[in-house]
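This report goes through one protein model and the surroundings of its ligand. The sequence and the structure come first, followed by notes on the fold and on selected elements.

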Amino acid sequence: MQNRRVGMKCPRRCGGQHKSSEKISIRLFRPEDRQLFTDMFNSLSRESIYSRFFSRIRSVPDKLLKVDDDRNIAAIATDATLPEEKMSGIAHLMINSDGKEAEAAVLVRDFWQGKGLGTVLLKQLITIAEERGVEALWGIVQIENIHSIALGRKLGFSFFLISDASVHGFHNSALLNARLEILNKKKA
Ligand SMILES: CC(C)(COP(=O)(O)OP(=O)(O)OC[C@H]1O[C@@H](n2cnc3c(N)ncnc32)[C@H](O)[C@@H]1OP(=O)(O)O)[C@@H](O)C(=O)NCCC(=O)NCCS
């Protein structure tokens, strides 16, 4: 994947000071980007951390820093208007050992939420998955995470209630399994 500069549209929710001149660049995460990710993580609200990780963790999980461009891939968005790189969002794709299914997860810096960046990152993950022959994407979402559900629905994911959430070790919230059949999507 080449570095890509993306002109962001400024949706209706965009507040007065954030105009359509905002720009982001999308590229693959590299091992040397650990600090960028850590800086973004340290800026996140407790709500964003809980929505993404289902727990109040205090640092980036190691496995999310170990990308390999093979099965554990991440795409990042950086703010292209700044002289130094600053991460605005990151999307992870973790491909199963048989290569057929992959877990997808997106995290957007609070400042950037609601401006279309999650949509850009999730579309990028779907493209990467398609290129690698992945047949289905899945993710786990808390039922009250309405923006994540809206984002998934918009891009064609179906949602199924997980009846026994304790299987996944989470007890505080009902969980949904989000699923996108990529082969079906291509045929449609
Ligand atoms: C969930 C998350 C990834 C969505 O990313 P985002 O950049 O905020 O989402 P987008 O701006 O692309 O919006 C996607 C859709 O969500 C809905 N949405 C998002 N923010 C919204 C808001 N403030 N008000 C109303 N609807 C909103 C809309 O339907 C929107 O589609 P539309 O703009 O075409 O109407 C982001 O909010 C986030 O990182 N949250 C914390 C971590 C998390 O929950 N991750 C997902 C679980 S893995």
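## Overall fold

Two residues are in contact if their C-beta atoms, placed from the backbone, lie within 7 Å. Among contacts in the protein between residues at least 6 apart in sequence, 60% join residues at least 24 apart. The model is predicted.

The protein holds six helices and eight strands. Read from the N terminus, the order of the elements is β-β-α-α-α-β-β-β-α-β-α-β-β-α. Of the 188 residues in the protein, 30% are buried.

## Ligand shell

The ligand is surrounded by 24 residues, and the closest of them are Ser51, Gly114, Gly118, Thr119 and Ala150. Two or more residues of this shell are given by each of helix 2 (46-53), strand 5 (101-108), helix 4 (117-131), strand 6 (136-142) and helix 5 (146-154). Helix 5 supplies the largest share, five residues.

By residue type, the shell around the ligand consists of 11 polar, nine nonpolar and four charged residues.

## Helix 5

Which residues of helix 5 are buried? They are Ser148, Leu151 and Gly152. These three lie on the same side of helix 5, because they cover an arc of only 95 degrees around the axis. The other side of helix 5 carries the exposed residues Ile146, Ala150, Arg153 and Lys154. Ala150 is also among the residues closest to the ligand.

The packing partners of the buried residues in helix 5 are helix 2, helix 4, strand 6, strand 7 and strand 8. After helix 5 comes Gly156, which has a positive phi, near 100 degrees.

## Strand 3 and its two partners

Strand 3 spans residues 72-79 and is mostly covered, with six of its eight residues buried. Strand 3 pairs with strand 2 (residues 23-28) in the antiparallel sense, over five bridges.

## Strands 7 and 8

How many of the five residues of strand 7 (residues 158-162) are buried? The count is zero, and strand 7 is hardly covered. Strand 7 runs antiparallel to strand 8 (residues 175-181), and five bridges join them. Within this pairing, Ser158 has Arg179 in strand 8 as its bridge partner.

## Ala136

Is Ala136 buried, exposed or partly exposed? A residue is buried if 20 or more other C-beta atoms lie within 10 Å of its own, and exposed if 12 or fewer do. Ala136 has 16 C-beta neighbours inside 10 Å, so Ala136 counts as partly exposed.

Leaving aside residues up to four places away in sequence, Ala136 touches Lys100, Glu101, Arg179, Leu180, Glu181 and Ile182. Arg179 is 43 residues apart from Ala136 along the chain, while their C-alpha atoms are separated by 7.0 Å. Arg179 is the residue of strand 8 that bridges to Ser158.

Notes: Residues numbered from 1 in each chain as written. Predicted model: local features only at pLDDT ≥ 70, side-chain atom pairs only at ≥ 80, totals over all residues. Near = placed C-beta within 6 Å. Helix = DSSP H or I, 4+ residues; strand = E, 2+ residues; numbered from the N terminus. Nonpolar A, V, L, I, M, F, W, Y, C, P; charged D, E, K, R; others polar. Pairing = 2+ DSSP bridges. Arc of directions from axis to C-beta.
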